[in-house]
Amino acid sequence: MNRVQGRILGIEASDGVSLVDIETGGGAISAVILETPESSEYMRLGAEVYVLFKETEVALGLDAGKMSYLNVFDGKVSGMRCGRVLAEVVVWTAAGEIVSIITKRSFERLGLKEGARVKAVIKSTEVALQGLGVPS
Amino acid sequence: MIEAHLEKDLFGASGPFRLSVNFRVDDGQCVTFYGPSGAGKTTILRMLAGLETPQEGFISVNGELWFDARKRVLLPSRKRRVGFVFQSYALFPNMTVGENVAYAMQKTSAVKLEDLLDLAGILELKDRYPSTLSGGQQQRVALIRAISREPMILLLDEPLSALDVSTRLELQDEILRIHRLLGAATILVSHDKQEVFRMADMVLSIKEGRIHAEGSPREVFFKRRFSPKFAVTGRVLAIERADIVFRAFVSTGTEMLQVILGERDAKRFKPGDEVLVASKAFNPMLLPLFEPFETKELRQVCQAGVGYID
């Protein structure tokens, strides 16, 4: 699981579904969640949260192009491990370390090497939040 | 509605302590006392039922004073309209199911014995003796006996802990159904988190005679606020390597789940750990539990009255 700490910057809510923007210190990350400011006390501007997303939900690309993903982080490959089917790639971004698990096939197709520039892409519906406290 | 303040010196495994609790349970609410054995949970139920007397405090049920230490009020147990279900069923072995329930009913009751038994689906057991019934059946009888007096409050003291998992789940539904039907304040003593999650509107977590946490099960058991809506508690059974990732087997009571973990997470957990299995509400897919087996042709044949093809 990837975990990045941040602060809630903006909330757009409708019928119990919210699009939340979180400033991580290295760029904003967006999450679509089923919480609203009415339903949950950490859903406040300025509240500290952990942003959680699974390694298997992080896609990698050489360029992000025109795609529906809201969360695109520029980074450099800082570590990798290959199995027979899967590959784990550690990417250093301004928001911190992001671990991605992709297929070995994709890994080879992208030709990833240590130090290579890469974009880490996360769908906002796959991002969860955990409240840490509300500023007083 | 129950309002109570109870104080009494008790002896626990690690020496004497004072039971000191304040709580309120509204009609229609199911509240759980959760905590280790010897924390005073059963004592609280016994005090509400009038089987034990507090040293200080009061008990008020629907505005009626059942106990008040200062005003020297003590309503005897038999006058308290309480339904009590024990872990040990506590049925009379020499009476049939019907006799057990009839014995508890008030003579003036407008409710018929048969209707009550039917309510719990145990009408066909009416003439059987408790020793010939399964644990689940005996507890159904005990539950029906408890509500036969149309109690103002329903007290359940670990009623399901002696039963196997599938019977327990069935009876949890049964208890919830009867609790809603009765509309009374229900108090459940339990040390099973999954049961508490499933049944309780509110949890009072008790340790050494004190309430140290209260709130919804989620608030009490997971203090940090967490957005995932798809979450179940479970226990890690095993973690196995699978290519470069790990596969955790998690038991959640009735189901066995598998969760893929990265290496770092795999190192954080070990078999036996209690965990929350969480996913975003966006991920899970719903599939029909029973796929319709008949083909369009077969349906047409049946509708045409040709007969059933085996």
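Buried means under 20% relative accessible area, exposed means over 50%, and partly exposed lies in between (1.4 Å probe, protein chains only). Keep that in hand for the tour of this predicted model, where local features need pLDDT of at least 70, side-chain atom pairs count only at pLDDT 80 or more, and totals for chains, interfaces and linings use all residues. Residues are numbered from 1 along each chain as its sequence is written, chains are lettered from A and ligands numbered from 1 in the order in which they are written, and side-chain values use heavy atoms, with hydrogens and water left out.

**Stop 1**

Select B:Asp173, which is partly exposed at 41% relative accessible area. Its side chain meets that of B:Arg198 in a salt bridge (2.6 Å, N to O); the term asks for a side-chain nitrogen of Lys or Arg within 4 Å of a carboxyl oxygen of Asp or Glu. The pair links distant parts of the chain, with B:Asp173 in helix α5 (165–182) and B:Arg198 in helix α6 (193–199), 25 residues apart. Helices here are DSSP runs (H or I, at least four residues), strands are E runs of at least two, and both are numbered from the N terminus. B:Arg198 is partly exposed too, at 34%.

Now pick B:Arg140, B:Glu170, B:Glu174 and B:Arg177: salt bridges link them in a network.

**Stop 2: where the chains meet**

Show both chains. The contact (heavy atoms within 4.5 Å) takes 34 residues from chain A and 20 from chain B. Which salt bridges cross between chain B and chain A? The rule finds two. One joins B:Glu263 to A:Arg81 (3.5 Å, N to O). The other pairs B:Arg264 with A:Glu97, also at 3.5 Å, running from helix α8 of chain B to strand β8 (96–103) of chain A. A:Glu97 is partly exposed, at 35%.

**Stop 3: a buried glutamate**

Jump to A:Glu126, in the loop between β9 (117–122) and β10 (128–133) of chain A. This residue is buried yet has no salt bridge, and the nearest side chain of opposite charge, A:Lys123, is 5.9 Å away. For charge, Lys and Arg count as positive and Asp and Glu as negative, while His and the chain ends are not counted. Leaving aside neighbours within four places in sequence, the contacts of A:Glu126 include A:Phe53 and B:Lys280.

**Stop 4: a covered helix**

Finish at α1 (41–49) of chain B, where seven of nine residues are buried, among them B:Ile44 and B:Leu48. Just after α1(B), B:Gly50 takes a positive phi of about 85°.
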